[in-house]
Amino acid sequence: MSVFNRWLSGALGLWRGKRDENLRWHLARQPDVAALRQARVLAEQALVAELKKQARQLAHELAMGETRHGNELAMLKIQCKQDLKDYQQYLQSLDKLKLSLRENFAHLPEAVAFTIHHHAKQLLNRMWDEQDPEEKLKVEMQLLQFMTAVHEDSVGSLNADKPVSLPQKTLAFIDNGV
Amino acid sequence: MTKIILYSVLWVCSLAMVLLVAGFIGWRFGWPELPACLYPLAGRIMLSAFLLLLLLGCGLFLQALYRELAVYFRWDAVALRRVAMLQRLQYDARQRVLLERTQIHYLYELKRQRLLAADNKKHSRALFEAVSAELRQSVEPDSFKSLQKHLKQHRSQVNPRAMLALRERALCRSSIAG
C-alpha cells in the first residue's frame, strides 16, 4: 500500500510540477500576449475606421455620380430632342426647296424635281449619319453648295427674260456626282 | 468539453455492451432471469448513449451557428460588406447610365427614321401622282393600266427609283412607237 501511495504521490507531484511549469511559462508570456491582443484590437479598430471612411467616401461619390449622371442624361435628352427638331426643319426646308423649284420652273417635270429633292435628302442623311466630324463638315458644305445652286437657279429663272425650262446648275451638280 | 462528452458516450456504450455480454453468458449458463433483467437495462443505457451523442451534435451545431453569426455581425465584417455593397452600387450605376444613354440614342434614331420614312412616303406618293398623270397622257390606255399597276406596287414598296425607271422606260417606248 505504501508503495502505491509513494507511486501515486510521485505521479501527482510530477503532474503538479508540470502544471506549475506551464503556469510559469504562461505568466512569463503574459505581457507579450496582452500586448499582442491589444495590438490586434487596435488593428481591428483601425481597419474598421478605414473601412468606414472608405464607405463614406464611396457613398459621397455615389451620390455625386447619381447627380452627374442624371444631369448628363437630361442634357443628352435635350440634345437629342434638338437634333430631331433640326432634322425635321431640314426636311421642311427641303420640301420648300422643291416647292420653290416648281414655282420658278413651271415646266419642270415632277421626276426631275423629285430627283433634286432626293439628292438633297441623301446629302442630308449622309451628313447626319457621319461620325467623323471632318467628313460631316465636308458633307454639310456639299449640301450648302447644292442648296445654293438651287437658289441661284431659282433667282436666275426669276431674272431671265425667257422662261427657263431646267435648273442647269443644280443638274450639273448632280451629274458631277458631288 | 467535446472530448469529455465523447469519452462518456464511449464509456456508456461499453457499459451497455458489457451488460449485454453478461446477460448472454447468464443465459448460456442457464440463468434466464439474468438476461431478462440485463437486456432491457443495456438497451436503455445504449439509448441514453445515443441521446447524449445527439445532444452533443445539437450543441456543436448551435456553437458553430453562434460562431458564424458572431463573425458575420462583427464590426469589421459589417464595414467590409458595406464597402463592397457601395462598390457594387457604383458599378451598377455606371452600367445603368451606359444603358440609358444607348436607349436614348436608340429612341432618337427610331423617331428620326420614322420622320424620314413618313417624308419618303409623302414624296413617293407625290411622285406616283405626277408619273401617273404623265403616263396617262403619253401612253395608250391599255398599257397605262398595267403600268399603273406596277407603279402602285412600287409606291407601296416606297421605291421611287423603280418608279422613275418605269417612267423612263415607258416614255422611251412611247416615243419610239409614236
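Residues are numbered from 1 along each chain as its sequence is written, and chains are lettered from A in the order in which they are written. Because the model is predicted, local features need pLDDT of at least 70 and side-chain atom pairs count only at pLDDT 80 or more, whereas totals for chains, interfaces and linings use all residues.

Chain A has five helices and zero strands, where helices (H or I, at least four residues) and strands (E, at least two) are DSSP runs numbered from the N terminus; the order of its elements is accordingly α-α-α-α-α. Along the principal axes, the C-alpha atoms of chain A fill a box of roughly 150 × 30 × 25 Å. Buried residues (20 or more other C-beta atoms within 10 Å of their own, with C-beta atoms placed from the backbone; exposed means 12 or fewer, and partly exposed lies in between) account for 16% of the 178 residues in chain A. Of the contacts in chain A (C-beta atoms, placed from the backbone, within 7 Å) between residues at least 6 apart in sequence, 48% join residues at least 24 apart.

The contact between the chains takes 28 residues from chain A and 28 residues from chain B. On the side of chain A that touches chain B, the elements giving two or more residues are helix 2 (30–104) and helix 3 (110–129) of chain A, and the largest share, 23 residues, comes from helix 2 of chain A. By class, this side of chain A has 15 nonpolar, six polar and seven charged residues, with Ala, Val, Leu, Ile, Met, Phe, Trp, Tyr, Cys and Pro counted as nonpolar, Asp, Glu, Lys and Arg as charged, and the others, Gly among them, as polar.

Leaving aside residues up to four places away in sequence, Val150(A) touches Leu97(A), Leu101(A), Ile116(A), Pro167(A) and Thr170(A).

In chain B, His154(B) lies in helix 4 and counts as buried because it has 20 C-beta neighbours inside 10 Å. With residues up to four places away in sequence not counted, His154(B) touches Asn159(B), Ala162(B), Met163(B) and Leu166(B). The buried residues of helix 1 of chain B are Ala16(B), Leu19(B) and Gly23(B), and what covers them includes helix 2 (33–72) of chain B. Just after helix 1 of chain B, Gly30(B) takes a positive phi of about 85°.

Terms used
Contact = placed C-beta atoms within 7 Å.
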